[in-house]
Amino acid sequence: MNTENKTIHDFELNLICDFFSSMERQGPGSPEATLKALSFIDNLTDKSLIADIGCGTGGQTMVLAQHVRGQVTGLDLFPGFINIFNRNVRKLGLQDRVEGIVGSMDNLPFQEEELDLIWSEGAIYNIGFERGLNEWRKYLKTGGYIAVSESSWFTDERPKEINDFWMDAYPEIDTIPNQVAKIHKAGYLPVATFILPENCWTEHYLALKIEAQKIFLDKYAGNQIAEEFSALQSVEDELYHKYKAFYGYVFFIAKKISPFPNPQTR
Ligand code: SAH
């Protein structure tokens, strides 16, 4: 039974990986949005240690690495993504200071107070926004930054269809002021917040996803699990077009200003 489950589980992970690995990025974002988030961060030097958590194939990591000095470690759960990541690193000649490693965001291989910057685009939801903020904080030096993008509600109320979709997919989605309050509660100074422009979804994500979907469906023609997975992707895309006034991705940039947790949370 165990073996059977494991096989199915592995196959699904491989399917997901296969679907997204032909895409330059695996979530909404753009080089411009990455650089805008980076513009709020100071004090980086060639000695800085930077981690990109849930880096995927590293679309945003490469942009980041080309605009900062210092050592950059990309970490992702999927070995297939990390292989592509490291291939891209070599193509760009960044192998002296950029490396992709396989690992899990709930068990990071870093030392306490080691990192100058934690980056994570469209990935913290895998552990949960508040849990990620709380657990990752100890790896940051005092004065270090965290920059994460996360799905957010733009309004206090929204149509039932989209509300139900998110309550099922990721009930921790919240409004921007509530997310900023969580950042403060987790012991950071909220530094900047901006909504990712629509082209981060349409041009840099959904358009690539449609291409990836064609390749995927050709490859897995007749495979029911693959077809269901692909259909789910289409539902997500349609919902975005229908309800984009109510939700999107938001970049949050925050600074660890004290080694001690926020006194209000003790
Ligand atoms: N940051 C990339 C990828 C976002 S998609 C981009 O913006 O394009 C979310 C990523 O989180 C995927 O690559 C997925 O493999 C990774 N992921 C999921 N669970 C994870 C975990 N527990 N630890 C590390 N990475 C994880």
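A pocket is an open set of points on a 1 Å grid over the protein atoms alone, where a 1.4 Å probe fits, with protein on both sides within 12 Å along at least five of seven lines; its lining residues have an atom within 4 Å of a point. Here the largest pocket holds about 1,200 Å³ of space, a volume being the space filled by probe spheres set on the points.

The model is predicted: local features need pLDDT of at least 70, side-chain atom pairs count only at pLDDT 80 or more, and totals for chains, interfaces and linings use all residues. Residues are numbered from 1 along each chain as its sequence is written, and side-chain values use heavy atoms, without hydrogens and water.

The lining has 43 residues, and Phe20, Gln26, Gly122, Tyr125 and Asn126 are the closest to the pocket centre. Helix H9 gives the largest share, six residues. By class, 24 are nonpolar, eleven polar and eight charged.

**The ligand**

The ligand takes the space of this largest pocket (more than half of its atoms lie within 2 Å of the grid points). Around the ligand are 18 residues (a heavy atom within 4 Å). Gln26, Gly54, Asp76, Met105 and Glu121 come nearest. This shell has six nonpolar, nine polar and three charged residues.

| Residue | Protein atom | Ligand atom | Distance |
|---|---|---|---|
| Asp76 | side-chain N or O | oxygen | 2.6 Å |
| Leu77 | backbone N or O | nitrogen | 3.3 Å |
| Glu121 | polar backbone atom | nitrogen | 2.8 Å |

The protein covers 91% of the 570 Å² of accessible area that the ligand has on its own (Shrake-Rupley method, 1.4 Å probe).

Definitions and conventions: Polar contact = N/O pair within 3.5 Å; in protein donor to acceptor, adjacent residues only side chain to side chain. Nonpolar A, V, L, I, M, F, W, Y, C, P; charged D, E, K, R; others polar. Helix = DSSP H or I, 4+ residues; strand = E, 2+ residues; numbered from the N terminus.
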